[in-house]
Amino acid sequence: MTSHVPNEARVIPLRPRAERSEARPTASRPTVSPVPPERRPPTVREPLWRDLVGDVLRRERLEQERTLKEVAEAARISMPYLSEVERGRKEASSEVLAAAAGALGLGLGDLLARAQGELVRLTSRHTGAGAGRGTPGTRFDGMCLAA
């Protein structure tokens, strides 16, 4: 059976098309000149939280001279998953992080505090002491996690 409806997709725009009016002057917009390369701040890639947490877990496991298998069994998580968490390939849930930390004899707060200390150490290297928000030399001890 054939249909007499043309085989064409109908496109419904999500936003109405902007009417371009010749009456609107284009010179009213200020032109922004780009900042010369020598005056731009250096681009520094901030470390990812999952990388920092994974590094802390791996460092602690190796200091205790324990294998991935031992820690994964104690934490009741799979060995491949723990490996991916340690390498920063997976963003682990708080339950998984608490289990892995507990298997290493740490509390979740200890794990996160060590990761935060590592973050402060790495970022202060690039920004200099006291740089960032607040007054120079102000120390920020707070931590914020967002999912």
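Which residues have the most contacts inside the largest nonpolar core? Here are some notes on that and on the fold around it.

1. Val 53, Leu 57, Ile 77, Leu 82, Leu 97 and Leu 111 have the most contacts inside this core, which has 22 residues. A nonpolar core here is a set of buried Ala, Val, Leu, Ile, Met, Phe, Trp, Tyr and Cys residues joined through side-chain atoms within 4.5 Å; buried means under 20% relative accessible area with a 1.4 Å probe, protein chains only.

2. Please keep in mind that this is a predicted model: local features need pLDDT of at least 70 and side-chain atom pairs pLDDT 80 or more, while totals for chains, interfaces and linings use all residues. Residues are numbered from 1 along each chain as its sequence is written, and side-chain values use heavy atoms, without hydrogens and water.

3. The protein has five helices and zero strands, where helices are DSSP runs (H or I) of at least four residues and strands (E) of at least two, numbered from the N terminus. Buried residues account for 21% of its 147 residues.

4. Helix 1 (49–63), helix 2, helix 3, helix 4 (94–103) and helix 5 (108–127) each give two or more residues to the core. Helix 4 supplies the largest share, five residues.

5. Helix 2 (residues 68–75) and helix 3 (residues 79–86) have axes (lines fitted to C-alpha atoms over the stretch in contact) that come within 9 Å and cross at roughly 105°. Helix 2 is therefore roughly perpendicular to helix 3, a label for angles of 65 to 115 degrees, on a scale from 0 to 180 between N-to-C directions.

6. Leaving aside neighbours within four places in sequence, Ile 77 is in contact (heavy atoms within 4.5 Å) with Ala 72, Leu 82, Val 96 and Ala 100.

Notes. Parallel < 35°, antiparallel > 145°, perpendicular 65-115°, else oblique. Buried < 20%, exposed > 50% of the residue type's maximum accessible area, 1.4 Å probe, protein only.
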